[in-house]
Amino acid sequence: MQLTWLGHSCVLLSGSQKILIDPFIEGGSVAGTEADIIAVTHGHEDHMGEAVPIHKKTVAITEIARYLKSKGLAVEGMNIGGTITVDGVSFTMTPALHSTFIEEAGPGFSGGAAAGFVIGMDGVKVYHAGDTGLFSDMKLIGELYHPDVALLPIGGRYTMGVAEAMIAANFIGARTLIPIHYNTWDKITADPLSLKTALERTTDITVRVLRPGESMEIVL
Ligand code: NI
Ligand code: MN
């Protein structure tokens, strides 16, 4: 499986299917990205992003799924703790310690809850934490689903920062960690290399700091 970080929280997993998670990048568009399935972690516009115009089969929490269905999209609604299989790809919805609303619909459109995903494809499991603070049940995500790769926000202010991501990485236990949701804006400035240095000195975890648009091959 190939993993591409398009920027911010937007990640493309390319294997037997192409899964595009949180289709938003700052100052650009990911609408031209070839994708079979879209996954949306929560309703904030820097995550739901271009889900409506992309108009592909979309996996999301039930409230967002209903909203997207009303816009004519094919949807797979689910909720936290559940696992579904879509076209041979498994999606487990995980909790996230964060707020949400369907930002493009306006205040009052709750969007259910913020979430993350463990996505299993071609024998590889990738945990995309969405927007979240640190929570100790990340240990359970590690014990239950054994993700090979973890994508964690590190920008602070709206999510955990580098110090919390250090602990999260140990809770989850994935061999490879990829920081996301940082340096998109001044308010979420973080140094991914400080995380890399500290984690690689103290654990067996490899931190891959990608440039926006950069891909890596996930080899087990
Ligand atoms: Ni958010
Ligand atoms: Mn966000």
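**A walk through the helices and the sheet**

Start by selecting residues 138–145 and 162–172: these are helices α4 and α5, whose axes come within 7 Å of each other and cross at roughly 30°. (Helices are DSSP runs of H or I with at least four residues, strands are runs of E with at least two, and both are numbered from the N terminus; axes are lines fitted to C-alpha atoms, for helices over the stretch in contact, with angles from 0 to 180 degrees between N-to-C directions.) That makes α4 and α5 roughly parallel to each other, a label for angles under 35 degrees, while over 145 is roughly antiparallel, 65 to 115 roughly perpendicular and the rest oblique.

Before you go on: this is a predicted model, where local features need pLDDT of at least 70, side-chain atom pairs count only at 80 or more, and totals for chains, interfaces and linings use all residues. Residues are numbered from 1 along each chain as its sequence is written, chains are lettered from A and ligands numbered from 1 in the order in which they are written, and side-chain values use heavy atoms, leaving out hydrogens and water.

Now show the side chains where α4 and α5 touch: M138, K139 and G142 on α4, and A168, F171 and I172 on α5. Contact here means heavy atoms within 4.5 Å.

The axes of α5 and α6 come within 10 Å and cross at roughly 35°. On the α5 side of the contact pick V162, A165, M166, A169 and N170, and on the α6 side S194, L195, A198, L199 and T202.

Next, colour the open sheet of seven strands, in the order β6-β5-β4-β3-β2-β1-β14, with mixed pairing. Two strands pair if DSSP finds at least two bridges between them. Which strands stand at the edges? Select 75–78 and 214–217: β6 and β14 each have a single partner strand, so one side of each has no neighbour in the sheet. On average, neighbouring strands here are turned by 20° against each other, direction ignored.

Zoom in on β2 (10–14) and β3 (18–21), an antiparallel pair with four bridges; V11 has I21 of β3 as its bridge partner. Then select 62–70: helix α3 lies across β5 (57–61) and β6, at about 145° to β5.

Last stop: F24 and W185. Their ring centres are 6.3 Å apart and their planes at 45°, so the pair is tilted.

How values were computed
Phe/Tyr/Trp six-rings, centres within 6.5 Å; stacked < 30°, edge-to-face > 60°.
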